[in-house]
Amino acid sequence: MENEEKKISETESEEKVEEAVEKAEESTEKTEETSEKHDEPYVDVAAFETVKKKKHFFRKIMIALGVLIVIAYGVMVYLSYKYFAPGTCINGKDYSFKSYDEVLEDVNKAYDDYKLDIRFRNGYETFNKDQAGLKVTAERDIKKIKKKQNPFLWFTYLWSDNETAGFEFSVDKDVLMDSIEKSEYLSPAKMKEPEEPSIVFNEKEGRVEIIEGDEGTLLDKFSVFLLCYKAVENRDGYVDIKNSDCYIKPKFFADSPRLVNTADRINHYLSAKITYLYGDLKIELSPENIYNILSISDDYSVYLSPEKVKDFVRNLSYEYDTYDTYRSIKTHNGKIFKVNSDEYGYQIDIDKEASLLYINISGGETVEREPEFLHTGYKYTKKKDDISGNYVEVDLSNQMIYLYSEGKIILESEVVSGDMKLGHGTPGGLYDVDGMYYDVVLTGDDYASPVKYWMPFNGGIGMHDATWRSYFGGDIYVSNGSHGCVNLPFDVAKEIYNTIEPGYPVVLYWEDELSK
């Protein structure tokens, strides 16, 4: 505006000068005319020259100013063509006279600080913008802003409003995948395979419980990529892998129906309460015993194995059976008679008992019973002791008999055993009374002997009264002994008969078989 006012003022001055000059020329002409008429009066030519010079000076100034203005305008047009026009403001920042590349680079810096924090089960990792593969550009809108600027109207942008440049985003999948593959949390050293749940026997509770396995840190790389890609695409700064589905899961969990059903079935088996009676000794099967009989497969199916049941019974037999085993028996004089007998003792029928035990466990039954025995002894009060101080001791060397009850001798007497001269010597060993018979006749090839008290213990060999004898003991047995039986005085036979019962142990030995 000021320039225009100056131009108007200068124009008016020139017009006034020209009017003055014209008037002066007219005045001069009139003066000349008058001079001619009145003898040519005086004219000041120098004054007119001065005015003329001023006119030319102002003209030159105006031309120079015009040239300068045109040049300045042209420069501004050129700069506004090559760069962003003065007054250009994009996204709140002045970019006057900035090149397109400078503006684009600077505007794109808005996301240079972007980072992606990734949370794993076993730690954290951060990807910067480049590692995340994030590509950000405002190129499209920057181009639009530049394109719509008219460099010839550069001055109109001096007061223009702020321009907004939007961004275009993209994710370089290859870069992001490469960063994920290089992550320490996807390295073999950091990834641990998940553990399946375990069915564990709780000894205190006597039942099983399901324990969840270690969830592990084994990741599915592609799932991690998808989550990270989505986060980068949305410019989210955080990804929670820890609570995602990216981790490889076990086949089963603690609450899987298969495991729950299996645990229930096992606990049903463990609820069985089975007590074996070995004579007076009670042997209880613990829940742990039953648990060890079960077979649990990797796919959590449970199986009550007949073979394992039989193995358990076989071990029970080995631990408690006394049949056909060595045992030490203390004699009346404190010496020890070691004897192995296949005629006396407890022996489980393994096959029958295994079948019965299988049924008991399968049904979760509560039972108290004797095992299925092939042989039994007289009285089982403690482990491997099936005599317990109740037995008949026959000292064949000294021809003596001793009756024990609860570890005490309650009767002793001389006897006569098998005739050694005739080869009917009474064999030593451990036996039990097979039966109790009253008033019978014992017969053989060359004899028939009526007796009142007959107590066989070794086939046709037994104890009985021998009323036909007047004497017992000594060396009678050497040449006048029995056919193998132990002959007793009548009263002794009666007392023994009235004291013992079938199954009562009978120990017979020769002195040279004893140890101190």
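A salt bridge is a side-chain nitrogen of Lys or Arg within 4 Å of a carboxyl oxygen of Asp or Glu. The structure holds 21 salt bridges. This is a predicted model, in which local features need pLDDT of at least 70, side-chain atom pairs count only at pLDDT 80 or more, and totals for chains, interfaces and linings use all residues. Residues are numbered from 1 along each chain as its sequence is written, and side-chain values use heavy atoms, with hydrogens and water left out.

**Salt bridges**
- Arginine 369 forms a salt bridge with glutamate 353, with the closest N and O atoms 2.7 Å apart.
- This pair links distant parts of the chain, 16 residues apart: arginine 369 lies in strand β17 (residues 366-369) and glutamate 353 in helix α11 (residues 350-362); helices (H or I, at least four residues) and strands (E, at least two) are DSSP runs, numbered from the N terminus.
- Both arginine 369 and glutamate 353 are buried, where buried means under 20% relative accessible area, exposed over 50%, and partly exposed in between (1.4 Å probe, protein chains only).
- Lysine 249 forms a salt bridge with aspartate 245 at 3.4 Å between the closest N and O atoms; lysine 249 is partly exposed, at 46% relative accessibility, and aspartate 245 is exposed, at 63%.

**Around lysine 190**
- The side chains of lysine 190 and glutamate 184 meet in a salt bridge (4.0 Å, N to O).
- The backbone oxygen of lysine 190 also lies 2.7 Å from a polar side-chain atom of threonine 217.
- Threonine 217 counts as buried because its relative accessible area is 13%.

Key. Polar contact = N/O pair within 3.5 Å; in protein donor to acceptor, adjacent residues only side chain to side chain.
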